[in-house]
There are 2 protein chains.
Amino acid sequence: MSTSGGAGGPDGGASAVALETVRERDREIQLLTHIEAQLRWDQETQLPAKGVVERAEQLATLEAIIHQRATDPALGDALDEADAGAGAGDGVSVHDRALLREVRRAYEHRVKLPESLVTEIARQSSVNQAAWVRAREASDFALFASELERTVELILQRVACLADETTASPYDVLLDEFEPYMKTAEVVAVFDELRPRLVALLDGIRGSSVSIDGTVLARSYDTNTQRSFSDELLAALGFERDRGRLDVSAHPFSTTLGPDDVRVTTRFAENLVSSSVFGTIHECGHGLYELGVDPALAASALGAGVSLGIHESQSRFWENVVGRSRAFWEHFLPRLSAHFPQQLADQDVDSFYAAINRVEPSFIRVEADEVTYNLHILLRFTLEQQLVEGSLQVSELPEAWRALSRDLLGIDPTAAADGVLQDIHWSAFLIGYFPTYTLGNLYGAQLAAALQRDLGELAPLLQEAQFTPILEWLRSNIHRHGATYPARELCERATGTSLTAAHFVTYLENKYRALYLL
Amino acid sequence: MSTSGGAGGPDGGASAVALETVRERDREIQLLTHIEAQLRWDQETQLPAKGVVERAEQLATLEAIIHQRATDPALGDALDEADAGAGAGDGVSVHDRALLREVRRAYEHRVKLPESLVTEIARQSSVNQAAWVRAREASDFALFASELERTVELILQRVACLADETTASPYDVLLDEFEPYMKTAEVVAVFDELRPRLVALLDGIRGSSVSIDGTVLARSYDTNTQRSFSDELLAALGFERDRGRLDVSAHPFSTTLGPDDVRVTTRFAENLVSSSVFGTIHECGHGLYELGVDPALAASALGAGVSLGIHESQSRFWENVVGRSRAFWEHFLPRLSAHFPQQLADQDVDSFYAAINRVEPSFIRVEADEVTYNLHILLRFTLEQQLVEGSLQVSELPEAWRALSRDLLGIDPTAAADGVLQDIHWSAFLIGYFPTYTLGNLYGAQLAAALQRDLGELAPLLQEAQFTPILEWLRSNIHRHGATYPARELCERATGTSLTAAHFVTYLENKYRALYLL
């Protein structure tokens, strides 16, 4: 409560009341958003098959209420008044300024989009889903092309509504929806740093005499036993089970239903034990971020992770920097072997560590290793930019995809299902989303470097499964802040510098030169 | 859609529009109510322990939105206009008339209660929960008495708001909240029919030379295996798993989250196999009712069971008339024995049938058998009536409870925890609720008699686990109608007569005279 008129000036009292109004209205919107998250979590993990029909209506009803609340002119008025007070006075806390920034951001975003366009995008999304599934099954891009053309048109209409004086490219607007306040030029810059080093490293690996056998991961692993191991992993990593859950879904995800209710999912494949192990660690990383937000920010616009890139930095840090390290498996391989003694009888730490880090260019992004993964993202980022900037037509996409795949990965996906049709994202209007995966890898490596600057080498901690100091460092430097600081500022505060690809490249080169004896 | 002005008269067009408005607004309220059911189901079955704090806020936020929608004067206006048209014209369908009746009923109920009273009742409920728990643990009624006095005061304030020209007793208003349109005098009448026959039957059983051994039910039964058997039961009874779920909760319940999403719960006690078996069948009975409602009534005020009494008739019919019959276990005992061969090695159908129907007066209602159960309800009904009519003071309750227990059950609960403090209901303002349990038993037996009139004896069907004709009869006569017909009318349509205790008494006497050789 800040009704003491601390904002100063003749409007201090009124602006303090306005700030309280913003707080209360934001809180209601966040509570309703958590309810929406509950409905969606249930749909992915619990809902009986036929329940999906009414669930869609429930979600539409709730979304309409949220939209009405989030675009209420009274909220706009309160924001104006509170902003005026915050501008005049100096008694406004960092959190209140950040709250006003984030609530305004969400408000403006909603208010600027006409309802007719939102409706049309929702309609086209449904059409797209079915068209994309058909096209992918037939591996025939022509069955999806006209829908994608319409999708790009609608996306450009959306860009036109949202663009402002800082917009240098239509892609800026799209990127900003997932990675707030970041510009396309910054992403281009880190990819320019990244691309030659990744391509060179991949060339080296292809020329290496080392051949890694990954077939151990594809033996038969009882899924109930995998589940027990996932539970052990969560406990070891500090995921509090009285504040969260682990469930099964077709596509793993993490979701926040409240400050003390963060739920992660994984999937268990009998013939790919790495799928549940790394899926669990990855989603746990997302979940730990949300569980670490300062309780004072609960159910506010600041009460969640600040951007998809920072979120992915947490999941990738735990999955790759921690979970795919040799030291981690010095501790956990004996434990996994206790569950699967026969399957792992022929393994030692070196062979298992190599198996989980085997590099091989492949068509499908979601199956990619650490080295090739970001080349997949660069491919999409390049094509997306060209599409929305008008230098590439939808009809030219399949060939452009193949050409870039040859350039970057050295392989040619002749079937559209293995190339341009592999991801569902574009059909769901998620253009501008892919780069956040790579940003996550870069932020993750940069944070890991800063963490080791402060705590010393990670390996000794991982060998002993001493994750508490690591988690505490992340909580203190990243998690607790929620969305208080934009990603750029958060990164600078935690690491001392702005985003760079240097730490990630160093991490990859050190790790894979050793593995492949380069 | 009925925009063709079928309601007739000069206002036909306007009243048809008003009717459509009522439909749309009711639909939104029902969708929001299903969302609330989702949050509550999750709280009982999934929610991490610490998530309960924000969940309470989410529920309060959603309930405030539902209340605003449900008391919107525009809904009242639409109801008035639609009612005027329905009164004038003859083109209004049975469903539309019923919809107007039920939406008005809910609207009036909400509008008549001042917000200050609703808030005060909510506050007192929270206080009561904690006070009741403390009092029960200490078995000291004095620790709860003042809260219960305040509760009765608030209940009488509520009665004053809701009473109308049909109210003969304050209890009428309370009963009507759970068993719409039923009057206290009708409940008194069936209990008058019931009481002497139950007491006489119980006397006979106590004097019988037959002694039934029920200890087989308390052997050790693996709970995972019990779960498998519960799944088998649900499948056999026709509970569609693509339209529902079975989960575990501390207190079994059934809830409707949508027309194709009905969820039941049970609990598994290692040393009481009957708990999960009959709990599952009971909740399945509730669930089948909701799943059988005409899809045309989905997400409307008519789209759920019509009253708690009719609801309980479905659960009790399946649990007792079907599930505790000898014929049922001719089929299922071999199946249960396949799961638990050692535990049931010494059982035949007769011994098992006797064990699950053993009669013994006990202090605790929820553990009562079929014969004594309704005497427990009569005890509460009698005391509740006296309390709200002013002929009994809260301070006199403990002694009055013991006296009635001696009269009806022949046992004296000297400890308050075994008597007046055993149920949580009064602390939750559920006065007027208990009689619906007995109404359910009576309706259930009356429906069973009508069903056998139409289909012939049940036993041959049960011996073969042929439940489809039974379920189809219930769907056709009860389930599909939802809340279209008030319970009284529904009962008359299905059975040809109004509610009577005769069928239940006959059922009990036939069954227990045979079991106890009376």
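Predicted model: local features only at pLDDT ≥ 70, side-chain atom pairs only at ≥ 80, totals over all residues.
How many of the five residues of strand β2 of chain B are buried? Five of the five are, so β2(B) is largely enclosed by the rest of the structure.

Three strands of chain B form an open sheet in the order β1-β3-β2, and the pairing is mixed. At the edges sit β1 and β2 of chain B, each of which pairs on one side only. Averaged over the sheet and ignoring direction, neighbouring strands are turned by 25° against each other. Helix α10 of chain B, residues 273–291, packs on this sheet and touches β1, β2 and β3 of chain B. The direction of α10(B) makes about 165° with that of β3(B).

Strand β1 of chain B, residues 244–248, runs parallel to β3(B), and five bridges join the two. Strand β2 of chain B, residues 254–258, pairs with β3(B) in the antiparallel sense over four bridges. β2(B) and β3(B) also form a hairpin, with two residues between them.

| Residue | Opposite residue | Strand of the opposite residue |
|---|---|---|
| B:Gly244 | B:Val262 | β3(B) |
| B:Thr256 | B:Val262 | β3(B) |
| B:Ser254 | B:Val264 | β3(B) |
| A:Gly258 | A:Asp261 | β3(A) |

What about strand β3 of chain B itself, residues 261–266? Six of its six residues are buried, so β3(B) is largely enclosed by the rest of the structure. In a regular strand the side chains alternate between the two faces of the sheet. In β3(B), B:Asp261, B:Arg263 and B:Thr265 point one way. B:Val262, B:Val264 and B:Thr266 point the other way, and the residues of both sets are buried.

**The sheet in chain A**

Chain A has an open sheet of three strands too, with the order β1-β3-β2 and mixed pairing. Its edge strands are β1 (244–248) and β2 (254–258) of chain A, each pairing on one side only. From one strand to the next, the twist averages 25°. β2(A) runs antiparallel to strand β3 of chain A, residues 261–266, and four bridges join them. Helix α10 of chain A, residues 273–291, lies across β1, β2 and β3 of chain A and runs at about 165° to β3(A).

Between β3 and α10 of chain A there is a loop, and A:Phe268 lies in it. Is A:Phe268 buried or exposed? A:Phe268 is buried, because 20 other C-beta atoms lie within 10 Å, and 20 is the number at which a residue counts as buried. Leaving aside residues up to four places away in sequence, A:Phe268 touches A:Thr223, A:Gln226, A:Arg227, A:Val248 and A:Ser276. A:Ser15 is 253 residues from A:Phe268 along the chain, and the C-alpha atoms of the two are separated by 53 Å.

**A pair of helices in chain A**

Two packed helices are described by the angle between their axes and the distance between the axes. Take helix α14 (residues 370–389) and helix α16 (residues 435–455) of chain A: their axes come within 8 Å and cross at roughly 140°. That makes α14(A) oblique to α16(A). The crossing in which α14(A) passes α16(A) is left-handed. On the α14(A) side, A:Asn374, A:Ile377 and A:Phe381 take part in the meeting, and from α16(A) come A:Pro435, A:Tyr437, A:Thr438 and A:Asn441.

**How the two chains are related**

Finally, step back to view both chains. The same surface serves both copies, as 100% of the contact residues of chain B recur in chain A.

Technical notes:
Residues numbered from 1 in each chain as written. Chains lettered and ligands numbered in written order. Contact = placed C-beta atoms within 7 Å. Buried ≥ 20, exposed ≤ 12 C-beta atoms within 10 Å, placed from the backbone. Pairing = 2+ DSSP bridges. Axes fitted to C-alpha atoms, helices over the stretch in contact; angles between N-to-C directions. Parallel < 35°, antiparallel > 145°, perpendicular 65-115°, else oblique. Left-handed = near helix turned anticlockwise from the far one by under 90°.
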